[in-house]
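Okay, everyone, thanks for coming. Let me put today's chain up on the screen, and then I'll walk you through it.

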Amino acid sequence: MTTVAVLEDECEVSAQEWPEHAKGRIAPSAVPETITFPDEVPRNQSGTLYERALRA
C-alpha cells in the first residue's frame, strides 16, 4: 500500500518520523509500506483533488 501525505507547515513530525508516528495511532495493517510527500496536492480547475496525478 502506498500513501500520499502533505505535511502542514506547523507539523511537529518529520517525513522520516511519520511511519513510526502512524504506527502508534492507526491499526498495524493500515500503516502504509511507502509514503510519498509531494510539495502540494494536485487539484483540477474546480479545486477537486486530482487523483490520477497522484497515482502517476
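**A quick tour of the chain**

Let's start with E12, which sits in the loop between β1 and α1 (18-23). E12 is exposed, at a relative accessible area of 77%. For those words, buried is under 20% relative accessible area, exposed is over 50%, and partly exposed is in between, using a 1.4 Å probe and protein chains only. If you go from E12 to F37, you move 25 residues along the chain, and their C-alpha atoms are separated by 15 Å.

Some housekeeping before I go on. This is a predicted model, where local features need pLDDT of at least 70 and side-chain atom pairs count only at pLDDT 80 or more, while totals for chains, interfaces and linings use all residues. Residues are numbered from 1 along each chain as its sequence is written, and side-chain values use heavy atoms, with hydrogens and water left out.

So how confident is the predictor? pLDDT is its confidence in each residue, from 0 to 100. The mean for the protein chain is 81, and 96% of the residues reach 70 or more.

Okay, the overall layout. We've got two helices and two strands, and reading along the sequence they go β-α-β-α. The radius of gyration is 13 Å, well over the 10 Å that the globule rule gives for 56 residues, so the chain is more spread out than a compact globule. That radius is taken over C-alpha atoms, and the rule is 2.2 Å times the number of residues to the power 0.38. The C-alpha trace spans about 35 × 25 × 15 Å along its principal axes.

What share of the 56 residues is buried? It's 11%. As for contacts, meaning heavy atoms within 4.5 Å, take those with a separation of 6 or more: 52% of them involve residues 24 or more positions apart.

Now on to the charges. Lys and Arg count as positive and Asp and Glu as negative, with His and the chain ends not counted. Each charge is placed at NZ of Lys, CZ of Arg, CG of Asp or CD of Glu. There are 5 positive and 10 negative charges, and their mean positions are 10 Å apart.

Last stop, the later part of the chain. Y50 is in the loop between β2 and α2, and it's partly exposed at 40% relative accessibility. Setting aside neighbours within four places in sequence, Y50 is in contact with P42, R43 and N44.

Then we reach helix α2 (residues 51-55), where you'll find E51. E51 is partly exposed, at 45%, and its C-alpha is 14 Å from that of V6, 45 residues apart along the chain. R52 is in helix α2 too, and R52 is exposed, at 64%.

Notes:
Helix = DSSP H or I, 4+ residues; strand = E, 2+ residues; numbered from the N terminus. pLDDT = per-residue confidence, 0-100.
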